[in-house]
Amino acid sequence: VQLQASGGGLVQPGGSLRLSCAASGIISGINGMGWYRQAPGKQRELVAAIRNSGSTNYADSVKGRFTISRDNAKNTMYLQMNSLKPEDTAVYYCNAGSYSGSYYFPSDYWGQGTLVTVSS
């Protein structure tokens, strides 16, 4: 699987951005995709994930502000980010992984990362 993330940039607090992750290739066992982020000096954390069926889960810090979606016809996943806060500043990575029960587990398939900076 190859993943290409895009859409990052500089935005003011309260603004919006939409990230995209274009996927190519199919690997057995992959039944979901996710967005992670890593802020300077912090560990990478799961932001949102989506099953092939379309069901989703979110980190508490982004619930109600971020929306993950996918267009299976285009093999593309999206992350719509609204009401952005300075603490959302991070490099965002997409991942193709798998669900076990309600938990998303990342695979070794990562996009290259796209930087989101929220600042006035």
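The side chains of Glu45 and Arg37 meet in a salt bridge, with N and O 2.7 Å apart; a salt bridge here is a side-chain nitrogen of Lys or Arg within 4 Å of a carboxyl oxygen of Asp or Glu. The model is predicted, so local features need pLDDT of at least 70 and side-chain atom pairs count only at pLDDT 80 or more, while totals for chains, interfaces and linings use all residues. Residues are numbered from 1 along each chain as its sequence is written, and side-chain values use heavy atoms, with hydrogens and water left out.

**Salt bridges**

The whole structure holds four salt bridges. Three of them are tabulated here.

| Pair | N to O distance |
|---|---|
| Glu45 and Arg37 | 2.7 Å |
| Arg37 and Asp88 | 2.9 Å |
| Asp88 and Arg65 | 2.7 Å |

Arg37 in strand S4 and Asp88 in the loop between S8 and S9 are 51 residues apart, and their pair links distant parts of the chain. Strands are DSSP runs (E, at least two residues) numbered from the N terminus. Asp88 has a relative accessible area of 0% and is buried. Arg65, at 11%, is buried. Through shared partners, the salt bridges join Arg37, Glu45, Arg65 and Asp88 into one network. Arg37 is buried at 6% relative accessible area, whereas Glu45 is partly exposed at 34%. Buried means under 20% relative accessible area, exposed over 50%, and partly exposed in between (1.4 Å probe, protein chains only).

**Sheet**

Four strands form an open, antiparallel sheet in the order S1-S3-S8-S7. S1 and S7 are the edge strands; each has a single partner, so one side of each lacks a neighbour in the sheet. On average, neighbouring strands of this sheet are turned by 15° against each other, direction ignored; the axes are lines fitted to C-alpha atoms, and angles run from 0 to 180 degrees between N-to-C directions. Two strands count as paired if DSSP finds at least two bridges between them. S7 and S8 pair over six bridges, and Thr67 has Gln80 in S8 as its bridge partner.

**Core and contacts**

The largest nonpolar core has 26 residues, and among those touching the most other members are Trp35, Phe66, Met77 and Tyr92. Such a core is a set of buried Ala, Val, Leu, Ile, Met, Phe, Trp, Tyr and Cys residues joined through side-chain atoms within 4.5 Å. Strands that each supply at least two residues of this core include S1, S3, S7 and S8. S9 gives the most, with four residues. In soluble globular proteins, nonpolar side chains tend to be buried together.

Contact means heavy atoms within 4.5 Å. Leaving aside residues up to four places away in sequence, Met77 touches Ser20, Trp35, Ile50 and Cys94, among others. Ser20 lies in strand S3 (residues 17-24) and counts as buried at 17% relative accessibility. With the same exclusion, the contacts of Ser20 include Gln4, Trp35, Met77 and Tyr78.

**Loop residues with positive phi**

Asn75 is not a glycine, yet has a positive phi of about 50°. Asn75 is placed in the loop between strand S7 (66-71) and strand S8 (76-81), and is partly exposed at 45%. Ser83, likewise not a glycine, has a positive phi of about 50°. Ser83 belongs to the loop between S8 and strand S9 (90-100), and is partly exposed at 42%.
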